[in-house]
Amino acid sequence: MIDNYFKEFVLDEEIQETLQNIATKNGIKIIDVDDVKSNVPDTTWPSIKAIMMNFNFSTKVSYNFRLAHELSHLLYGDTSLQDVYRFCEFGKRGEELLAHKNAVKMLMKIKQPTSVETFMNFYDVPSWLEEYVEAEYSLLS
Ligand SMILES: [Zn+2]
């Protein structure tokens, strides 16, 4: 149990570092905040290429999945559509769905999961996205 926990913790840190490197390479600034309320979602401003990640945000979705989602808006989205993006795990349309799908793709590239379930659990991916995770996973094998 302890070994597994440690492994997951280390992996978590590694993935976070990789995401941070992707941001740096693309001139994206990540601002981590822990002094705003839990109802304030992670927010991305395309005009200044900045992402605010709220450590207190009340969501089950993991930090790394949320960060990959926000990065995806700036890297693969149409940033001319909106001035600001706010994380919503139930964003099932347009740019939000696209960012969710690209987050899955990005994270699978960083570390290939052993199964769909492992991926879903490790990142606490919203369950409605499972079909997209399955589709992406099937492209790997
Ligand atoms: Zn979004």
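I began with burial in helix 2, where Tyr63, Asn64, Phe65, Arg66, Leu67, Ala68, His69, Glu70, Leu71, Ser72, His73 and Leu74 are buried. I note that this is a predicted model.

Twelve of its 14 residues are buried, so helix 2 is largely enclosed by the rest of the structure.

Next I checked the length of helix 2, residues 63-76.

**Helix 2 against helix 3**

I describe two packed helices by the angle between their axes and the distance between the axes. I looked up both for helix 2 and helix 3, the latter being residues 94-110. Their axes come within 8 Å and cross at roughly 115 degrees. That angle makes helix 2 roughly perpendicular to helix 3. I recorded the crossing of helix 2 and helix 3 as right-handed.

Then I listed who meets whom. Helix 2 brings Asn64, Phe65, Ala68, His69, Ser72, His73 and Tyr76. Helix 3 brings Glu95, Ala99, His100, Asn102, Ala103, Met106 and Leu107. By class, I have seven nonpolar residues, six polar and one charged in the contact of helix 2 with helix 3.

**Helix 4 against helix 5**

I repeated the look-up for helix 4 (residues 116-123) and helix 5 (residues 130-140). Here the axes come within 10 Å and cross at roughly 130 degrees. Helix 4 is therefore oblique to helix 5. The crossing of helix 4 and helix 5 is right-handed.

From helix 4, the contact takes Val116, Phe119 and Met120. From helix 5, the contact takes Glu130, Val133, Glu134 and Tyr137. I sorted the residues of this contact into five nonpolar, no polar and two charged.

**Positive phi**

Most residues other than glycine have a negative phi. I went looking for departures from that.

Lys49 has a positive phi of about 45 degrees and is not a glycine. I placed Lys49 in the loop between strand 2 (43-45) and strand 3 (50-54).

Phi of Asp124 is positive, near 50 degrees, and the residue is not a glycine. I found Asp124 in the loop between helix 4 and helix 5. With 16 other C-beta atoms within 10 Å, Asp124 is partly exposed.

Technical notes:
Residues are numbered from 1 along each chain as its sequence is written. This is a predicted model: local features need pLDDT of at least 70, side-chain atom pairs count only at pLDDT 80 or more; totals for chains, interfaces and linings use all residues. Helices (H or I, at least four residues) and strands (E, at least two) are DSSP runs, numbered from the N terminus. The expected span of a helix is 1.5 Å times one less than its number of residues. A residue is buried if 20 or more other C-beta atoms lie within 10 Å of its own, exposed if 12 or fewer, and partly exposed in between; C-beta atoms are placed from the backbone. Axes are lines fitted to C-alpha atoms, for helices over the stretch in contact, and angles run from 0 to 180 degrees between N-to-C directions. Angles under 35 degrees count as roughly parallel, over 145 as roughly antiparallel, 65 to 115 as roughly perpendicular and the rest as oblique. A crossing is left-handed if the near helix is turned anticlockwise from the far one by less than a right angle, and right-handed if clockwise. Two residues are in contact if their C-beta atoms, placed from the backbone, lie within 7 Å. Ala, Val, Leu, Ile, Met, Phe, Trp, Tyr, Cys and Pro count as nonpolar, Asp, Glu, Lys and Arg as charged, and the others, Gly among them, as polar.
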